[in-house]
Amino acid sequence: SVNLVSETNLPHRPSPLSDFAAGQIMEYFLGDRKDFDLPIGATGTPFQTAVWRQIRNIPYGQTRTYGQIAAILGKPKASRAVGQAANRNPLWIIVPCHRVVGKNQALTGYAGGLEIKQALLELEQRYK
C-alpha cells in the first residue's frame, strides 16, 4: 500500500485558493470527489494543453490509452507525443494523467512512478 499523501518541505504560505485546492484534493483521496472545480490552469504548448484537456475528460475510474487520446486529437500516430505531454502535466490528479495507459491497459509512463499510478487507479476503482 502506497501513502499517497505526504508532508513536503516546500516553502508555502496558505491562501484561500491553496486551502480550497487542498480541500478538494483531500475529498478526492477520501472518495468524495470525482471532478475538480478549481480556478487554475496549466501553461503549455497548444498540443500539450489539448492533451491535458482530453485527459480531464476521462471519467473517474476509467482509463484511455495514449493512442485513443491521439486519435481524439486527430493525430492517430502521435501516441508518443501524447505521452510526453502527459509527462509534462504540472497538475497531477487535477489533470488525471494517471488515467492514461499503454496498449492493453499496460501501466506505463507516470512522472510520479508506476506504484503511485497503480495506487491512484485502485483508489478510483474502490470509490467509483
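Colleague: Is Glu124 buried or exposed?
Modeller: This is a predicted model, and what I give here is computed from it. The relative accessibility of Glu124 is 0%. Because residues under 20% relative accessible area are classed as buried, Glu124 counts as buried.

Colleague: Which residue does Glu124 meet in a salt bridge?
Modeller: The side chain of Glu124 takes part in a salt bridge with an N to O distance of 2.9 Å. The pair links distant parts of the chain, with Glu124 in helix 5 (residues 114-127) and its partner 25 residues apart from it, in the loop between helix 4 (79-87) and strand 2 (100-101). That partner is likewise buried, with a relative accessible area of 3%, and the residue is Arg99.

Colleague: How many salt bridges does a search of the whole structure find, and which residue forms one with Arg33?
Modeller: The search of the whole structure finds two salt bridges. In the one formed by Arg33, the closest N and O atoms are 2.7 Å apart.

Colleague: Where is Thr65 placed, and which residues is Thr65 in contact with, leaving aside its neighbours within four places in sequence?
Modeller: Thr65 lies in strand 1 (residues 64-65). With a relative accessible area of 15%, which is under the 20% cut-off, Thr65 is therefore buried. Once neighbours within four places in sequence are left aside, the contacts of Thr65 are Val100, Val101, Gly102 and Gln105.

Key:
Residues are numbered from 1 along each chain as its sequence is written. This is a predicted model: local features need pLDDT of at least 70, side-chain atom pairs count only at pLDDT 80 or more; totals for chains, interfaces and linings use all residues. Side-chain values use heavy atoms; hydrogens and water are left out. Helices (H or I, at least four residues) and strands (E, at least two) are DSSP runs, numbered from the N terminus. Buried means under 20% relative accessible area, exposed over 50%, partly exposed in between (1.4 Å probe, protein chains only). Contact means heavy atoms within 4.5 Å. A salt bridge is a side-chain nitrogen of Lys or Arg within 4 Å of a carboxyl oxygen of Asp or Glu.
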